[in-house]
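This report describes the aromatic side chains of one protein model and their surroundings. Please consult the sequence and structure shown below while reading.

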Amino acid sequence: GGYKYTQGDEQNPTATDVTSFAIMALKASLGTGSETDEAAKEFAIGKSKAIVVGSRVDGTHWEAYGDFDMSGTAYAIMALVSLDQDVTESVDWLKTNISPTEGGVIAPWSAPGSDLFSSAQSLLALSKLSFIDVLENTVK
């Protein structure tokens, strides 16, 4: 299912960003193992996708530690893009959190200004791209 930052993390049952990274890593590795390996990866992708989709708030974004999770939202968008899922509402939500004066993504800890880390993490997501697109050189 979902993955955590560290084993025993009681604050978050799963971490959206870590789970989304796992989805993309597993997806990128498809076709590289035995039939049993491939079945296990497909199973893990399906379970992880269910966790990510099921934890989306209001159909638009993800939260962590009681607030908006800008990085988790960006990585969830990328993971879902890699699985050919519609992420339009989530991308639109992320766009509403771009600072009109600075042009970066506003994070809860940086408001009202933008956060460089969250902004960099959102670049591919805002273009509906994933790390798989970069790995496969499908970015145009």
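## Aromatic pairs

Four aromatic pairs are present in the structure. Rings of Phe, Tyr and Trp (its six-membered ring) pair if their centres lie within 6.5 Å; planes under 30 degrees apart count as stacked, over 60 as edge-to-face and the rest as tilted.

One of the pairs is tilted: Phe-21 and Tyr-75 lie 4.4 Å centre to centre, with 40° between the planes. This pair links distant parts of the chain, since Phe-21 belongs to helix 1 (residues 16-29) and Tyr-75 to helix 3 (residues 70-82), 54 residues apart. Helices (H or I, at least four residues) and strands (E, at least two) are DSSP runs, numbered from the N terminus. Phe-21 is partly exposed at 37% relative accessibility, whereas Tyr-75 is buried at 8%. Here buried means under 20% relative accessible area, exposed over 50%, and partly exposed in between (1.4 Å probe, protein chains only).

Phe-68 and Trp-93 form an edge-to-face pair, 5.2 Å centre to centre and with 70° between the planes. Phe-68 in strand 2 and Trp-93 in helix 4 (residues 88-95) are 25 residues apart. Phe-68 is partly exposed, at 34%, and Trp-93 is buried, at 13%.

## Aromatic cluster

Phe-21, Tyr-75 and Phe-131 together form one aromatic cluster.

## Basis of the model

The model is predicted: local features need pLDDT of at least 70, side-chain atom pairs count only at pLDDT 80 or more, and totals for chains, interfaces and linings use all residues. Residues are numbered from 1 along each chain as its sequence is written, and side-chain values use heavy atoms, with hydrogens and water left out.
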